[in-house]
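Welcome to this short tour of a protein model. Keep the sequence and the 3D view open while you read, and look up each residue as it comes along.

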Amino acid sequence: MKALTGNRNWMFAIIGSACLVGAAVGMAQKDVSSDVPVAANVHELSNVFRQVSKRAMPSIVSIETVSKTSQVADQKVMPFGDNSPFKDLFENDPRFKDMLKQQQGQPRRAPRRMGTGSGFIINKSGLIMTNSHVVNGADVVKVVLNDGREFTATDIKTDPRSDVAVIKIDAPDLVAIPLGDSSKMEIGDWVLAIGNPFGIGMSVTNGIISAKGRGPGINDREDYLQTDAAINPGNSGGPLLNLRGEVIGINTAISSRSGGYDGVGFAIPVNMARWVSGELIHHGKVKRSFLGVGIQPISNDLSKSFDIKVGQGAIITQVMEGSPAAKADLKTGDIILKFAGKEVSGPRNLQGIVEMLEVGDSYTMELLRDGKHINKQVTMQEMPNSFSVAKNESPLDDSSKKKQKTSVNDLKIEVQALTKDLASQLGYSDDVHGVVITSVEPGSAAEEAGLMKGMIIEKIGTTEVSTMDQFNLGLKEAKDKDSVLLLVRNHSGARFIVVQK
């Protein structure tokens with residue numbers, strides 16, 4: 001089970017098992033009159049669970065993966081595994097260090113890696129949807145149907161960005177499960193999750209949709225449904241169903257402190273999965289459109305600075321050279337309100353709109369720029385395979401401050417001009433402009449807002465910053481305001497920060 005450490009010491013565990021795809025149409029609720037026994041309504045709900053499970057089971061599969069053995073030489077192997085709690089003992093005790101040295105340089109076979117997961121049949125021709133992480137890198141993918149028949153997948157297509165995969169088996173008498181509409185699911189709707197947890201066999205759990213639009217930072221592309229239906233290792237790739245028996249999501253991950261079910265699970269919305277699977281089936285890969293911008297949501301502080309509602313739109317923090325955004329003359333500080341006829345309510349929402357647009361087609365974008373509404377025509381391009389953002393910070397040496405440093409009393413920070421040599425030392429490209437922060441006063445409002453040594457300040461309010469004079473001018477213009485709006489950059493990208501005075 002692959003795991004990531006998240007906020008509050010929660011572990012985000014990608015479940016190496018079947019994900020449950022949820023269906024998006026909930027059961028209509030009826031008013032319960034005083035003369036209707038509660039037990040009758042409970043029995044009715046139980047019958048719904050029973051019927052949905054019975055209809056869905058023939059379409060749910062277990063997936064077993066095997067990676068072949070390989071020769072491994074000159075590799076340090078830690079007894080009990082690299083993550084063993086006894087790692088320090090083996091590395092530091094002289095007796096065990098000698099044993100490990102003797103093992104080095106001796107060719108030996110790496111152990112066979114086996115994994116389990118779940119999936120569901122989406123077409124009678126043998127197409128099965130599951131998670132990319134369940135089958136990616138496997139040499140053999142075995143599919144076990146609910147009736148006990150076993151087949152080997154012959155065609156495996158994966159999309160790691162969304163964690164969706166489509167595999168194919170050649171088998172007769174298959175039953176496909178219907179796909180629903182995840183956009184119609186609301187918080188509180190009942191759902192059922194089906195999969196093969198811990199490899200013990202097909203199991204059904206129930207719960208509700210706990211939240212929508214979650215992004216715990218597991219994949220590049222995520223807009224998860226959150227559910228409290230019990231999901232455990234082995235459920236990855238299995239379906240999350242609505243009470244009509246339609247798939248509304250693929251169960252993919254859990255947030256857990258114990259490594260097992262803690263009441264927080266995440267499912268890929270089936271609307272996203274349906275589009276991704278269609279791309280994989282027809283093109284063999286996912287052809288995504290992209291804008292070529294860095295964006296951030298409108299927070300409470302930013303909403304006051306830009307006079308816009310919290311959560312409305314997405315603000316541009318960077319425009320990449322040669323991108324569709326650059327060709328459409330989009331600018332840093334523009335707030336995207338609508339695109340392709342759809343309202344924008346944040347970065348993930350915008351990403352979902354953009355990626356499904358047709359490459360080569362033009363679409364209208366409504367922007368808020370300097371308080372005015374304007375429209376731009378944007379022609380989409382295909383996202384490059386290498387599209388990513390570096391995330392490593394570069395420290396700023398005290399020796400690089402020199403005499404160009406200046407004290408800024410209002411913000412409690414010190415900055416200096418960003419020269420080409422200094423930019424190179426800090427790991428920034430030549431086209432980055434602004435002033436670099438050399439120190440931040442501990443406990444100051446600037447520190448609380450997130451300003452850090454080594455960050456580049458590119459803009460103050462509406463003033464572009466390339467020199468110290470421009471920086472000081474921007475401060476002067478913000479002198480009578482309660483807060484200062486800064487566009488700052490580090491190696492993760494650019495973003496707006498509001499510093500209270």
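## The overall picture

How many helices and strands does the protein chain have? The chain has eleven helices and 32 strands. Here helices (H or I, at least four residues) and strands (E, at least two) are DSSP runs, numbered from the N terminus. This is a predicted model, in which local features need pLDDT of at least 70 and side-chain atom pairs count only at pLDDT 80 or more, while totals for chains, interfaces and linings use all residues. Residues are numbered from 1 along each chain as its sequence is written, and side-chain values use heavy atoms, with hydrogens and water left out.

Of the 501 residues in the protein chain, 47% are buried. A residue is called buried under 20% relative accessible area, exposed over 50%, and partly exposed in between (1.4 Å probe, protein chains only). The accessible surface of the chain is about 25,200 Å², and carbon and sulfur atoms own 48% of that. Such areas come from the Shrake-Rupley method with a 1.4 Å probe; for residues, only the protein chains shown count as cover. Now look at contacts, meaning heavy atoms within 4.5 Å. Taking contacts between residues at least 6 apart in sequence, 64% join residues at least 24 apart.

Find Ile456 in strand β29, which covers residues 456-460. Is Ile456 buried or exposed? Ile456 counts as buried because its relative accessible area is 0%. Leaving aside neighbours within four places in sequence, its contacts include Leu418, Tyr428, Val432 and Leu487. Arg489 is another contact of Ile456. These two residues sit 33 places apart in sequence, yet their C-alpha atoms are 5.0 Å apart in space.

## Salt bridges

Side chains of opposite charge can pair when their charged atoms come close. A salt bridge is a side-chain nitrogen of Lys or Arg within 4 Å of a carboxyl oxygen of Asp or Glu. The structure holds 14 salt bridges. One of them joins Asp147 and Arg149, with 2.9 Å between the closest N and O atoms. Asp147 is exposed because its relative accessibility is 52%, whereas Arg149 is partly exposed at 26%. Another pairs Lys331 with Asp329, where the closest N and O atoms are 3.3 Å apart. Lys331 is partly exposed at 39% relative accessibility, and Asp329 is partly exposed at 35%.

Which residue forms a salt bridge with Glu355? The partner is Arg221, and the closest N and O atoms are 2.8 Å apart. This pair links distant parts of the chain, 134 residues apart: Glu355 is in helix α8 (residues 347-355), and Arg221 is in the loop between β13 (203-214) and β14 (224-227). Glu355 is buried, with a relative accessible area of 2%, and Arg221 is buried at 4%. Both belong to a network of salt bridges that also links Asp159 and Arg288.

## Around helix α8

Glu355 is one of the buried residues of α8, along with Leu350, Gly352, Ile353 and Val354. These buried residues pack against several elements, among them α5 (270-283), β20 (314-319) and β21 (335-339).

Helix α5 contains Ser277, which is buried because its relative accessible area is 5%. Apart from neighbours within four places in sequence, Ser277 is in contact with Met129 and Val166.

## Two loop residues

Met202 is found in the loop between β12 (190-195) and β13. It is partly exposed, with a relative accessible area of 22%. Not counting residues up to four places away in sequence, Met202 touches several residues, including Met57, Ile60, Asn146 and Ser62. Ser62 is 140 residues from Met202 along the chain, and their C-alpha atoms are separated by 7.9 Å.

Lys479 lies in the loop between α11 (468-477) and β31 (483-490). At 57% relative accessibility, Lys479 counts as exposed.
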